[in-house]
Amino acid sequence: MSTTDDSRLIRRADLETYVAAIFAAAGVAAPMAADWARVVVWANLRGVDSHGVLRVPRYVDLLKRGLIKPNPAMRVERCSGAIAVLEADHAPGAVAMSRAMAEAIGRAREVHVGWCGARNITHAGAIGYFALQAAEAGFAGIAMCASSPLMAYYGSRVAGVSTNPIAIAVPGRNRRPFLLDMSTSTAAFGKVMSAKDRGAKIPVGWAIDAAGRDTTDPNRVATLLPLGGPKGSGLSLMIECLASLAVGNPLITAALTGPGGENPVLNGIALAVDLAALGDFDRFTAEVDALHDAIAALPRADGFDRILLPGERGDAIKAEREAAGIPVTQGTWTRLAATAASLGVVPPS
């Protein structure tokens with residue numbers, strides 16, 4: 001581990017071991033703690049620091065309060081044709097969504113399409129991990145998550161829907177899979193958390209304050225703003241319909257019409273599609289590579305050195321951080337170390 005003025009570089013393996021030890025000290029079984037840590041650090045590895053170790057203190061707080069269960073009784077409640085329903089029992093969201101995608105891939109192996117609804121999960125981190133899980137198994141993968149209100153619905157000045165993310169991945173032949181992973185808000189809430197840790201301002205258009213006005217102060221954020229106005233809020237609403245209403249676990253209506261209070265419960269969808277059932281799989285993957293090359297060769301706009309396809313930025317950062325280490329800002333490290341110390345976990349040397 002090396003240190004600079006405002007961050008420190010930590011090897012992936014060391015950071016995974018550290019995070020897994022924190023989760024284990026908080027009561028999570030060692031195998032599950034390791035799986036959870038792998039997904040968390042994967043986000044940092046690809047430059048999605050807003051969904052990486054920055055989140056660990058919050059996860060530990062939820063574990064201590066019983067809002068994430070360290071030993072959940074996850075079970076497949078329904079399995080028929082292409083459909084499965086996983087009752088996650090407030091499991092760590094990353095573990096539950098990985099299980100859901102495994103169920104979806106299993107369904108797709110049998111009937112060419114698999115859809116697993118995951119009910120009562122918790123925050124899942126960077127959901128591109130789960131879409132990529134399908135692509136690396138030779139399927140097209142789609143992952144979505146729904147949560148309680150964190151984002152203004154277009155035309156309102158208070159939180160009405162959530163930042164519900166969606167990720168899509170498809171395999172290539174000689175290239176890495178395309179991977180799109182996006183929030184339905186202009187910026188994920190984790191980026192606001194990251195700005196707090198860095199002592200930085202946020203751009204206008206990310207969020208509004210309690211009075212419904214634009215703010216650049218991450219400490220004054222009351223709710224986030226939707227990506228593309230009605231497009232982002234509309235897509236978020238439809239994800240709530242498919243992820244929550246379809247499995248009988250509505251989140252938005254309950255939050256808006258109920259007594260209020262904290263609700264860390266989410267619902268998720270994992271979808272796998274057998275591309276070989278649609279046509280020639282080898283031709284498909286070759287066409288993915290050809291599509292990449294055609295787009296990458298387009299004339300570049302001013303200020304662009306390269307045209308990046310979905311997932312390429314993350315792939316490049318991953319290669320860089322695998323070699324040089326993962327930078328963790330001092331603010332994030334301070335909070336992470338305090339959480340670890342409270343559990344008797346020693347940081348990597």
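## Close-up views of a predicted model

**View 1. A nonpolar patch on the surface.** Tyr153, Tyr154, Leu237 and Met238 together form a nonpolar surface patch, whose accessible area comes to about 400 Å². The model shown here and in the other views is a predicted one.

**View 2. The chain as a whole.** The secondary structure comprises 11 helices and 14 strands. The chain has a radius of gyration of 20 Å, close to the 20 Å that the globule rule gives for 349 residues, so it is as compact as a globular protein of that length. Along the principal axes, the C-alpha atoms fill a box of roughly 55 × 50 × 45 Å. Of the 349 residues, 49% are buried, and the chain exposes about 15700 Å², of which carbon and sulfur atoms supply 56%. Among contacts with a separation of 6 or more, 67% are between residues 24 or more positions apart.

**View 3. Strand 6 and its two partners.** Six of the seven residues of strand 6 are buried, so this strand is largely enclosed by the rest of the structure. Strand 6 pairs in the antiparallel sense with strand 13 (residues 266-273) over seven bridges, and four bridges join strand 6 to strand 9 (residues 166-170), again in antiparallel fashion. Ile142 takes part on both sides: Leu271 stands opposite Ile142 in strand 13, while Ile168 is the bridge partner of Ile142 in strand 9.

View 4. Ser148 is found in the loop that lies between strand 6 (140-146) and strand 7 (151-152). Is Ser148 buried or exposed? With a relative accessible area of 13%, Ser148 is buried. Leaving aside residues up to four places away in sequence, Ser148 touches Ser162, Leu251, Ile252 and Asn263.

**View 5. Helix 3 and the helices around its buried residues.** In helix 3 (residues 56-64), the residues Val56, Pro57, Tyr59, Val60, Leu62 and Leu63 are buried. The buried residues of helix 3 pack against helix 1 (12-25), helix 2 (30-45) and helix 11 (330-342). Gly66, which follows helix 3, has a positive phi, near 75°.

**View 6. Salt bridges between separate parts of the chain.** The count of salt bridges comes to 21, and three of them are described here.

- Lys69 forms a salt bridge with Asp89, with 2.7 Å between the closest N and O atoms. Lys69 lies in the loop between helix 3 and strand 3 (75-80) and Asp89 in strand 4 (residues 83-91), so the pair ties together parts that are 20 residues apart in sequence. Lys69 is partly exposed at 31% relative accessible area, whereas Asp89, at 16%, counts as buried.
- Arg119 and Glu77 meet through their side chains in a salt bridge of 2.2 Å, N to O. Because Arg119 lies in strand 5 (residues 113-121) and Glu77 in strand 3, the pair ties together parts that are 42 residues apart in sequence. Arg119 counts as buried at 14% relative accessibility, while Glu77 is partly exposed at 43%.
- Arg175 forms a salt bridge with Asp293, the closest N and O atoms being 2.9 Å apart. This pair links distant parts of the chain, with Arg175 in the loop between strand 9 and strand 10 (178-182) and Asp293 in helix 9 (residues 281-296), 118 residues apart.

Technical notes: Residues are numbered from 1 along each chain as its sequence is written. This is a predicted model: local features need pLDDT of at least 70, side-chain atom pairs count only at pLDDT 80 or more; totals for chains, interfaces and linings use all residues. Side-chain values use heavy atoms; hydrogens and water are left out. Helices (H or I, at least four residues) and strands (E, at least two) are DSSP runs, numbered from the N terminus. Buried means under 20% relative accessible area, exposed over 50%, partly exposed in between (1.4 Å probe, protein chains only). Contact means heavy atoms within 4.5 Å. Patches are made of residues with over 30% relative accessible area and no salt bridge: like charges are joined within 9 Å, nonpolar side chains (Val, Leu, Ile, Met, Phe, Trp, Tyr) within 5 Å. Accessible areas come from the Shrake-Rupley method with a 1.4 Å probe; for residues, only the protein chains shown count as cover. A salt bridge is a side-chain nitrogen of Lys or Arg within 4 Å of a carboxyl oxygen of Asp or Glu. The radius of gyration is taken over C-alpha atoms; the globule rule is 2.2 Å times the number of residues to the power 0.38. Two strands pair if DSSP finds at least two bridges between them.
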